[in-house]
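Subject: Handing over the structure

Hi,

Here is the structure I promised to pass on to you. Have a look at it, and then read on for what turned up.

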Amino acid sequence: IPDTVLTTSGDNTDSTGFYQVLIPDGTFRLRWRPIAGENLVPVEIPEITITNDTSIDITMLAGFTVSGLVRQPNLTPVFNADFDFINSVTGVLVSTPSDNTAADGSYLVLVPQGTYDIRVTPLFTDGLVPIEVLNVPITGNTVMNFTVSPGHVISGTVTGPARAPVAGADIDLINTATGAKLFTPSDNTNSMGQYQLLAVTGMYDLVAKPPVASHLAPVVIDSISVNSATVVNAVVPSGFLLSGT
């Protein structure tokens with residue numbers, strides 16, 4: 001069952017760092033966490049299938065704390081905003097368990113030294129626009145505060161020939177004036193071809209990109225003015241596959 005935590009009694013390491021647990025066969029997300037007070041970065045294997053006795057050694061790196069507040073422009077704290085730290089060089093997501101903001105908007109995570117793209121994603125139901133800050137160097141304990149602004153919902157449906165819904169189409173939102181692509185998490189269409197995003201007031205180009213396997217071509221809808229809830233439907237045509245080496 002997804003996101004079900006398996007009880008593993010006696011799973012702490014001993015004085016030599018050795019551990020052993022008993023689990024049924026299956027596919028798991030494995031996570032190793034230091035005890036409270038140790039500045040060691042958790043390690044996570046997102047997906048692994050266990051079908052027999054297995055030995056896994058891991059190395060925990062020393063980490064630095066990154067902490068601060070997430071607030072709206074009027075200084076209202078933002079509760080339950082999710083943080084992601086992605087290594088800017090490798091593109092690897094660092095495991096930061098319990099990284100959502102508290103009721104007062106505060107957060108605290110541990111990451112190894114490095115340069116990161118930091119993503120802050122409030123709950124969609126709060127109507128606050130996610131943000132991404134690129135190439136942030138972390139060389140010591142760091143305090144960073146973030147401001148997320150209220151936005152407008154942009155929603156619609158992507159359909160193909162004969163108005164059939166297109167599932168799994170990636171939706172990109174581009175600032176018309178600057179050409180900058182917005183950070184829009186969870187922006188793929190669902191099985192009904194529907195999507196919804198959040199953006200602040202502005203002018204945007206919307207790009208709808210169907211999966212390559214669908215043999216449907218992307219479309220761009222230019223210069224969409226967003227100053228309230230906005231519906232943008234896209235119709236994508238059949239396309240031809242161009243490939244090579």
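**What was found**

In β14, N175 has Y204 as its bridge partner. This is a predicted model, where local features need pLDDT of at least 70, side-chain atom pairs count only at pLDDT 80 or more, and totals for chains, interfaces and linings use all residues. Residues are numbered from 1 along each chain as its sequence is written, and side-chain values use heavy atoms, with hydrogens and water left out.

The bridge belongs to the antiparallel pairing of β12 with β14 (residues 202-209), which runs over six bridges. Strands here are DSSP runs of E, at least two residues long, numbered from the N terminus, and two of them pair if DSSP finds at least two bridges between them. Three strands make up an open antiparallel sheet, ordered β12-β14-β15. Because β12 (170-175) and β15 (219-226) are at the edges with a single partner strand each, one side of each has no neighbour in the sheet.

Now to the aromatic rings. The whole structure holds six aromatic pairs; rings of Phe, Tyr and Trp (its six-membered ring) pair if their centres lie within 6.5 Å, and planes under 30 degrees apart count as stacked, over 60 as edge-to-face and the rest as tilted. Y19 and W32 have ring centres 6.3 Å apart and planes at 70 degrees, so they are edge-to-face. Y19 sits in the segment before β1 and W32 in strand β1, so this pair ties together parts 13 residues apart in sequence. Y19 is partly exposed, at a relative accessible area of 24%, while W32 is buried at 13% (buried is under 20%, exposed over 50%, partly exposed in between, with a 1.4 Å probe and protein chains only).

F85 and Y116 are also edge-to-face, at 6.1 Å centre to centre and 75 degrees between the planes. F85 lies in strand β4 and Y116 in strand β7 (residues 114-121), 31 residues apart. F85 is buried at 0% relative accessibility, and Y116 is buried at 1%.

Happy browsing!

Terms used
Helix = DSSP H or I, 4+ residues; strand = E, 2+ residues; numbered from the N terminus.
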